[in-house]
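Hello,

Here is the structure I promised to pass on to you.

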Amino acid sequence: MSIFEAEEAQLQATLARLDELGDKLEQVPRYRGSDFTEQVLEDRREHLRTALHSARQEPYFGRLDFCEWDQETKALYIGKVGVHDEDSGDPFVIDWRAPVASLFYSFTGSEEDVFYQSPEGIVEGEILLKRNIVIRNRRLQRVVDSYAKGQEMSGGDEFLLYKLSEQKDNKLKDIVATIQAEQNAIIRHAIKEPLIIQGAAGSGKTTVALHRLAYLLYEFREQLRAEKMVIFAPNAMFLDYISHVLPELGVGTIAQSTFANWGLSVLGSSYQLYDTKKRLANQFESKLEQQSEDVLAYKGSLACQKQMRRFIDAYVGERVPKKDFCPWDGCVLNKETMKQWIEQDFAASPPMKRRERFHARAKRWIEIEAKRFEDKKEQQAFKSEALKRLRSFLSYWSKPDLAKLYTAFLKEQQLPVPASLKEKRLGYEDIAPLVYMHQQLYGIERDARFDHVVIDEAQDVSPFMLAVLKERTRAGGFTILGDLAQGIHGDEGISNWAAFEEVFANNVSYVQMERSYRSTMEIIEFSNRILQQMAFAPAPAKPVFRSGQDVVVEQRPTEHVAHWVKAMQDKQTQTIAVLTRTEKASTAICRQLQAAGFDAHLLIAGGERYEGGISVLPVYLSKGFEFDAVLLTDVTNDHYPCDELHKKLLYVGCTRALHELTVWYDGALSPILAP
């Protein structure tokens with residue numbers, strides 16, 4: 001019997017067991033009652049039903065023959081979800097997140113010591129076989145051995161290249177079948193301290209971070225809850241693009257948001273974000289004055305946070321009563337007592353909660369003092385008068401208007417006050433300071449705290465934003481990922497990771513992902529030449545040995561775009577992108593393609609969905625996406641002069657391509673690409 005035939009027989013036996021288990025579950029009536037124990041049992045059954053629905057289509061993707069010392073060899077089949085035998089309780093499909101499954105990802109065949117860390121301790125043994133298996137819709141399609149004891153083979157590289165050569169659709173996919181050793185180490189990294197990942201374009205850092213969340217929920221299921229995790233990404237289109245990964249891994253309840261939308265939800269419905277399209281147009285399609293750049297940088301800095309903390313402390317200090325309170329003639333609540341209540345008895349509460357507690361205690365004090373009057377009517381009359389006086393006494397300590405308070409802070413700091421602030425329309429850079437102000441005054445409710453936060457494209461996040469999130473996240477609960485070479489938002493973000501390390505008092509773990517799995521060698525080498533021109537460039541990407549077409553750089557006008565798209569379609573290319581320098585150019589090219597009969601999609605700032613197929617978009621919106629074929633238009637000296645911003649924009653555009661990259665210019669070629 002051949003290897004393929006043996007695995008086919010194993011697959012049929014596994015499917016039969018899964019079908020039997022699934023059919024039994026479906027025969028159990030779903031519980032709709034109010035009994036708590038039955039609700040818990042039904043929740044477990046429903047979780048198993050969901051897991052089996054996935055497993056019955058593609059039960060596993062790998063096999064590991066592991067022999068624990070002094071034990072018999074076991075053939076372990078590894079899948080996205082673990083499934084156990086009903087009678088024995090033994091797993092017949094191992095969850096990819098289980099401790100023993102880590103060997104499937106970390107073992108390369110050259111290790112002398114083979115072991116994994118189980119809950120009971122270190123388990124040592126020997127690996128006899130590591131096999132990759134492709135199953136689609138219950139059918140075995142491919143079997144590749146990446147290691148077999150005593151044999152020379154390189155099937156692992158062959159299988160990885162096979163997976164990388166697959167074309168993309170409109171959603172990012174999981175990588176459980178091809179997680180590499182360096183990626184596995186990051187996914188399973190300890191949660192004692194925040195993790196910062198500097199990842200080259202195409203290194204899989206976004207996918208790795210999402211798999212890390214799924215792993216943490218499995219490994220620390222008693223400590224972490226999915227509903228108290230959140231993923232922050234740069235825009236709604238990117239969130240839509242990555243939205244399928246966690247559900248594919250059996251995790252579907254983790255919140256996904258932009259920092260701006262989350263911040264507005266904290267501040268309340270009266271606040272709105274200033275026009276995103278105008279913001280990006282100002283940033284990328286016109287030149288900001290140096291003064292404006294300096295203001296953006298300051299508002300995102302820890303120096304601004306420090307000054308705001310001082311400002312809020314002073315504001316709160318002014319709310320402490322400076323005079324005695326007299327509810328009626330001859331009765332006094334002295335200011336020293338009130339100060340003790342506020343600064344000592346209520347010290348653990350945030351300022352506005354202190355006001356509530358002070359008001360409640362003052363009312364109780366009035367009630368006690370009023371009881372000294374024997375006549376009930378007299379008691380009530382004095383109490384009513386005292387409560388009026390109390391309201392008047394506390395009028396200086398009313399609920400603050402955050403926009404007005406922030407305006408006062410900006411004026412104190414001699415910073416320009418945006419005209420839109422009066423209407424509570426906020427610039428992106430104003431959200432972190434306002435949320436921080438809200439947190440300092442009102443505190444953070446327990447339900448609003450996070451167990452773990454993932455921040456993607458973090459190079460475009462300010463230290464102040466991170467500091468705001470740190471206040472409401474458990475210690476160590478951060479996975480922060482980005483690429484400094486793609487930091488196109490300049491002064492809104494960071495130029496080195498030390499700015500984030502400072503937020504955590506340098507108590508962080510830092511890893512680099514230099515190997516790029518996205519693009520061909522030709523595209524990566526072309527992109528690295530741009531990277532090496534940057535002032536503070538991270539290490540260049542190291543390509544997987546996957547060769548493809550040479551990068552095409554030619555002088556052609558944009559009127560020929562339809563011909564290029566047709567040529568790509570003739571090659572059966574699934575996802576095609578035309579990247580322009582401006583939104584206006586994207587709009588014109590998209591109309592041109594649509595007039596030529598192509599189903600082209602225009603992606604602009606503020607959009608919420610990525611449809612796949614043919615996309616036309618400004619290069620500054622392409623970060624995080626990947627396409628089978630990319631055309632960069634108008635790469636001239638006028639559109640891409642030789643400065644840091646345009647080097648990064650061009651680098652971002654080039655590294656979006658998986659298989660084919662074409663660069664057009666009509667005029668003088670950008671000096672960034674000049675030979």
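**Around Tyr 442**

Leaving aside residues up to four places away in sequence, Tyr 442 touches Pro 350, Met 352, Lys 399 and Pro 400. Please keep in mind that this is a predicted model. Tyr 442 belongs to helix H17, which covers residues 428-442.

**The chain as a whole**

The chain has 675 residues, and buried residues make up 52% of them. It contains 23 helices and 25 strands. The C-alpha trace spans about 105 × 75 × 50 Å along its principal axes.

Taking the contacts in the chain with a separation of 6 or more, 73% are between residues 24 or more positions apart. The chain exposes about 31,800 Å², and 47% of that is supplied by carbon and sulfur atoms. As for charge, there are 85 positive and 97 negative charges, and their mean positions are 8 Å apart.

**The parallel sheet**

Next is an open sheet of 6 strands, with parallel pairing and the order S20-S25-S24-S21-S23-S22. Strand S20 (552-555) and strand S22 (600-602) stand at its edges; each has a single partner strand, so one side of each is left without a neighbour in the sheet. From one strand to the next, the twist averages 20 degrees.

Within this sheet, strand S21 (residues 576-580) pairs with strand S24 (residues 627-632) in the parallel sense, over 4 bridges. Ile 576 stands opposite Ala 629 in S24. Helix H21 (residues 561-570) packs on the sheet, where it touches S21, strand S23 (614-618), S24 and S25. The direction of H21 makes about 155 degrees with that of S21.

A further helix, H20 (residues 521-531), lies across S20 and strand S25 (657-665). H20 runs at about 50 degrees to S25.

**Strand S1 and its partners**

Strand S1 (62-68) is mostly covered, with 6 of its 7 residues buried. Which strands does S1 pair with? One is strand S6 (residues 121-136), in the antiparallel sense and over 7 bridges; here Gly 62 stands opposite Asn 132 in S6. Another is S2, also antiparallel, to which S1 is joined by 6 bridges. On that side, the bridge partner of Asp 65 is Ala 75 in S2.

S1 and S2 form a hairpin with 4 residues between the strands, and in it Asp 70 takes a positive phi near 65 degrees.

Most residues other than glycine have a negative phi, which is the reason I picked out the next two.

Asp 70 sits in the loop between strand S1 (62-68) and strand S2 (73-79). With 81% relative accessibility, Asp 70 counts as exposed.

Glu 457 is not a glycine either, yet has a positive phi of about 50 degrees. Its place is in the loop between strand S15 (452-455) and helix H18 (463-470). Where Asp 70 is exposed, Glu 457 counts as buried, at 6% relative accessibility.

**Helix H9**

Of its 9 residues, 7 are buried, so H9 is largely enclosed by the rest of the structure. Which residues of H9 are buried? They are Phe 259, Ala 260, Trp 262, Gly 263, Leu 264, Val 266 and Leu 267. After H9 comes Gly 268, whose phi is positive, near 110 degrees.

Happy browsing, and best wishes

Key: Residues are numbered from 1 along each chain as its sequence is written. This is a predicted model: local features need pLDDT of at least 70, side-chain atom pairs count only at pLDDT 80 or more; totals for chains, interfaces and linings use all residues. Side-chain values use heavy atoms; hydrogens and water are left out. Buried means under 20% relative accessible area, exposed over 50%, partly exposed in between (1.4 Å probe, protein chains only). Helices (H or I, at least four residues) and strands (E, at least two) are DSSP runs, numbered from the N terminus. Contact means heavy atoms within 4.5 Å. Accessible areas come from the Shrake-Rupley method with a 1.4 Å probe; for residues, only the protein chains shown count as cover. Lys and Arg count as positive and Asp and Glu as negative; His and the chain ends are not counted. The place of a charge is taken as NZ of Lys, CZ of Arg, CG of Asp or CD of Glu. Two strands pair if DSSP finds at least two bridges between them. Axes are lines fitted to C-alpha atoms, for helices over the stretch in contact, and angles run from 0 to 180 degrees between N-to-C directions.
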